[in-house]
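Please keep the sequence and the model open while reading.

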Amino acid sequence: MQILLHIENYQKGIIIERLNRFVAKTKIKNKNILAHLNNTGRLENFIKKGKVALLLPIKNRKLKYRLSMVKEDKNIFSIIDTSLQMKCFEIALEKGYISWLKGAKILKRNFKINNSLIDYLILYKNKKYLLEVKSAVMKYKNFAMYPDCPSIRGQRHIKELIHATSLKSFVPMILFIAGMKNVSGFSPDKNADPKIYELLKIAKNKGVKIKAIQIYFDEKMKSIILKNDKLPVKFYLT
């Protein structure tokens, strides 16, 4: 367990409803507040009426807050904010907390390959890694899952990584970030997008490295915690 990031500047609110893909209606101190969502998944496990959420201030002409975390248990909050997840990954990488990438350096963000942008080009042990990061925001029993709805974009990224296995220049990798404490593994969600499930199986067989890490927010500590840098990846769940 490692502390990644201290956060004290936030507002605690109650979720009222999701208005569209990018906006949720919340209540802070009896005042209705519209908050930005940057996670375009369905988030059905999280964006529910009456749930307690933490909102982080953002610089936006219309919206002053982003709905970043949702209460999971007591003082524990799940992290649904994709930009916050990415920031935590970068901190963990820089500090050497990810054991299977210890000593790695980010060469470029949003690396273009064919018609897609892959999140990171990383140098690790004199090899260049193409790393795509996905947010696992579905929960089934004790597993974090991805996706929680059909994703054409996700399919395209996985196809690019599969294609990259034929290139000698790169090592393709996909990382799933489970922003929840009370899970013990990760699995692709076959029901949400059967094509992604099959593509990930093909990717694994072709040599794409598939990894998962686990983070959450502890309000008592006011910190985001890296609980597991090697969250087990399973493929048998349906």
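The model is predicted: local features need pLDDT of at least 70, side-chain atom pairs count only at pLDDT 80 or more, and totals for chains, interfaces and linings use all residues. Residues are numbered from 1 along each chain as its sequence is written, and side-chain values use heavy atoms, with hydrogens and water left out. Helices (H or I, at least four residues) and strands (E, at least two) are DSSP runs, numbered from the N terminus.

**Pockets**

- A pocket is an open set of points on a 1 Å grid over the protein atoms alone, where a 1.4 Å probe fits, with protein on both sides within 12 Å along at least five of seven lines; lining residues have an atom within 4 Å of a point.
- Grid points are joined across faces, edges and corners, and a volume is the space filled by probe spheres set on the points.
- The volume of the largest pocket is about 500 Å³.
- Its lining is made up of 24 residues, and those nearest the centre are Asn39, Thr40, Thr82, Lys134 and Arg153.
- Two or more lining residues of the largest pocket come from each of helix H1 (82-94), strand E10 (127-136) and helix H2 (152-164).
- Strand E10 contributes the most to this lining, with 4 residues.
- Sorted by class, the lining of the largest pocket holds 9 nonpolar, 9 polar and 6 charged residues; Ala, Val, Leu, Ile, Met, Phe, Trp, Tyr, Cys and Pro count as nonpolar, Asp, Glu, Lys and Arg as charged, and the others, Gly among them, as polar.
- The second largest pocket holds about 180 Å³ of space.
- Ile7, Asn9, Leu56, Pro57, Ile58, Arg66, Ser68, Asp81, Ser83, Leu84 and Lys87 line the second largest pocket.
- The elements giving two or more residues to this second lining are strand E5 (52-57), strand E6 (65-73) and H1.
- H1 gives the most to the lining of the second largest pocket, with 3 residues.
- The lining of the second largest pocket divides into 5 nonpolar, 3 polar and 3 charged residues.

- Strands of a sheet pair through backbone hydrogen bonds, either parallel or antiparallel. Two strands are taken to pair if DSSP finds at least two bridges between them.
- Strand E15 (residues 209-218) is mostly covered, with 8 of its 10 residues buried (buried means under 20% relative accessible area, exposed over 50%, partly exposed in between, with a 1.4 Å probe and protein chains only).
- Strand E13 (residues 171-178) runs parallel to E15 over 6 bridges, and Phe176 has Ala212 in E15 as its bridge partner.
- Strand E7 (residues 76-79) pairs with E15 in the antiparallel sense over 2 bridges; here Phe77 is bridged to Phe217 in E15.
- Strand E16 (residues 223-228) is antiparallel to E15 over 5 bridges, with Gln214 opposite Asn228 in E16.
- E15 and E16 form a hairpin with 4 residues between them, and Lys222 in the turn has a positive phi of about 55 degrees.

**Other pairings**

- Strand E8 (residues 105-113) and strand E9 (residues 116-124) are antiparallel over 7 bridges, and Ile106 stands opposite Ile122 in E9.
- The hairpin of E8 and E9 has 2 residues between the strands, and Asn114 takes a positive phi near 55 degrees.
- An open sheet of 3 strands runs in the order E11-E12-E14, with mixed pairing.
- Strand E11 (138-140) and strand E14 (185-188) are the edge strands of this sheet, each pairing on one side only.
- On average, neighbouring strands of this sheet are turned by 35 degrees against each other, direction ignored.
- E11 and strand E12 (residues 143-146) pair in the antiparallel sense over 3 bridges, and Tyr140 has Phe143 in E12 as its bridge partner.

**Cysteines and His6**

- The count of disulfides comes to 0, where a disulfide is a pair of cysteine sulfur atoms within 2.5 Å.
- Cys88 is buried because its relative accessibility is 1%, and Cys149 is buried at a relative accessible area of 15%.
- His6 lies in strand E1 (residues 2-6) and counts as exposed, since its relative accessible area is 55%.
- From C-alpha to C-alpha, His6 and Met221 are 8.1 Å apart in space, while 215 residues apart in sequence.

How values were computed
Axes fitted to C-alpha atoms, helices over the stretch in contact; angles between N-to-C directions.
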